[in-house]
Amino acid sequence: MASNRATTLRTAVPTTIAGVAAAGALALAGCGSGDSTSTTTSPSRTVDAAQIESGIDKQLSTPGAEVSNVKCPDDVKAEVGATFKCSVSWSNGATGEVNVTQESLNQFTYEPVSGSVQVPAAPVEKSIEQELEKQGAPNAQANCPDNIIVKVGTTVTCDLSGAGGQAAGSVTFTFSDASGTVDPSSVETG
């Protein structure tokens, strides 16, 4: 029985010494002069472009002006407070840019860039004409510039004709949102 125990001790001692020696070698490898040129860095995390595009779609779609296309860059570094831009198109033909701000790890805010959104004249003219019909001026024809820069709260003026002389001159209106939706209560002839 004593010989069995001696064999077990002889076997265990070299294994333990080898393990301590290996750990010591690793510890020494970690120590060194400050002149080392190799560093280990973790890869930068990027924002999930698909998540951002979905958020823009949900937040900036309105009845009659749903977001139809969003394109965000795929290589934006995730960093709280960072901002970047995405391009957006709406179902009414409006196009522009949206500024995205990273508020926290997975929370973002979306704001159309002022002056970047443009809407074609046709859907705007149609909205104006429908509102003028409700106001008692059927067959009125609005003539707006081919592309209108959308600025919420700013008055836009278009030429107006038709409606059997009940509407002539000009019509003014404002947009109710940044996607180029005409605020019906703002439509006035002048």
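Biologist: What makes Asp48 a cap at the N-terminal end of α2?

Modeller: In this predicted model, a side-chain oxygen of Asp48 lies 3.1 Å from the backbone nitrogen of Ala50. A polar contact requires N or O atoms within 3.5 Å, so the pair qualifies.

Biologist: Which residues of α2 are called buried, and why are they placed on the same side?

Modeller: Ala49, Ile52, Gly55, Ile56 and Leu60 are the buried residues of α2; the term applies because each has under 20% relative accessible area. They cover an arc of only 120 degrees around the axis, and therefore lie on the same side of α2.

Biologist: Against which strands do these buried residues pack, and what is found on the other side of α2?

Modeller: The buried residues of α2 pack against β1 (67-71), β2 (83-90), β3 (95-104) and β4 (107-112). On the other side of α2, Ala50 and Lys58 are exposed, a term that calls for over 50% relative accessible area.

Biologist: How do you know that the length of α3 agrees with expectation?

Modeller: The 14 residues of α3 should span 20 Å at 1.5 Å a residue, and the end C-alpha atoms are 20 Å apart, so the two values agree.

Biologist: What makes one side of α3 its buried side?

Modeller: Ala121, Val124, Glu125, Ile128, Glu131 and Leu132 are buried in α3. Their arc around the axis is only 130 degrees, which puts them on the same side of α3. The face turned away from that side carries the exposed residues Ala122, Lys126, Glu133 and Lys134.

Biologist: What covers the buried residues of α3, and how does the helix lie?

Modeller: The cover includes β5 (118-120), β6, β7 (147-149), β8, β9 and β10. Helix α3 (residues 121-134) lies across β6, β8, β9 and β10, running at about 150 degrees to β6. Just after α3, Gly136 takes a positive phi of about 100 degrees.

Biologist: Why are β6 and β10 called edge strands?

Modeller: Four strands form an open sheet in the order β6-β8-β9-β10, with antiparallel pairing. Strands β6 (140-143) and β10 (188-189) each have a single partner strand, so one side of each is left without a neighbour in the sheet.

Biologist: How do you know that β8 and β9 pair?

Modeller: Pairing requires at least two bridges, and five bridges join β8 (residues 156-162) to β9 (residues 169-173), so the two antiparallel strands qualify. Asp159 stands opposite Ser170 in β9.

Technical notes: Residues numbered from 1 in each chain as written. Predicted model: local features only at pLDDT ≥ 70, side-chain atom pairs only at ≥ 80, totals over all residues. Heavy atoms only, no water. Contact = heavy atoms within 4.5 Å. Axes fitted to C-alpha atoms, helices over the stretch in contact; angles between N-to-C directions. Buried < 20%, exposed > 50% of the residue type's maximum accessible area, 1.4 Å probe, protein only. Arc of directions from axis to C-beta. Polar contact = N/O pair within 3.5 Å; in protein donor to acceptor, adjacent residues only side chain to side chain. Expected span 1.5 Å × (residues − 1).
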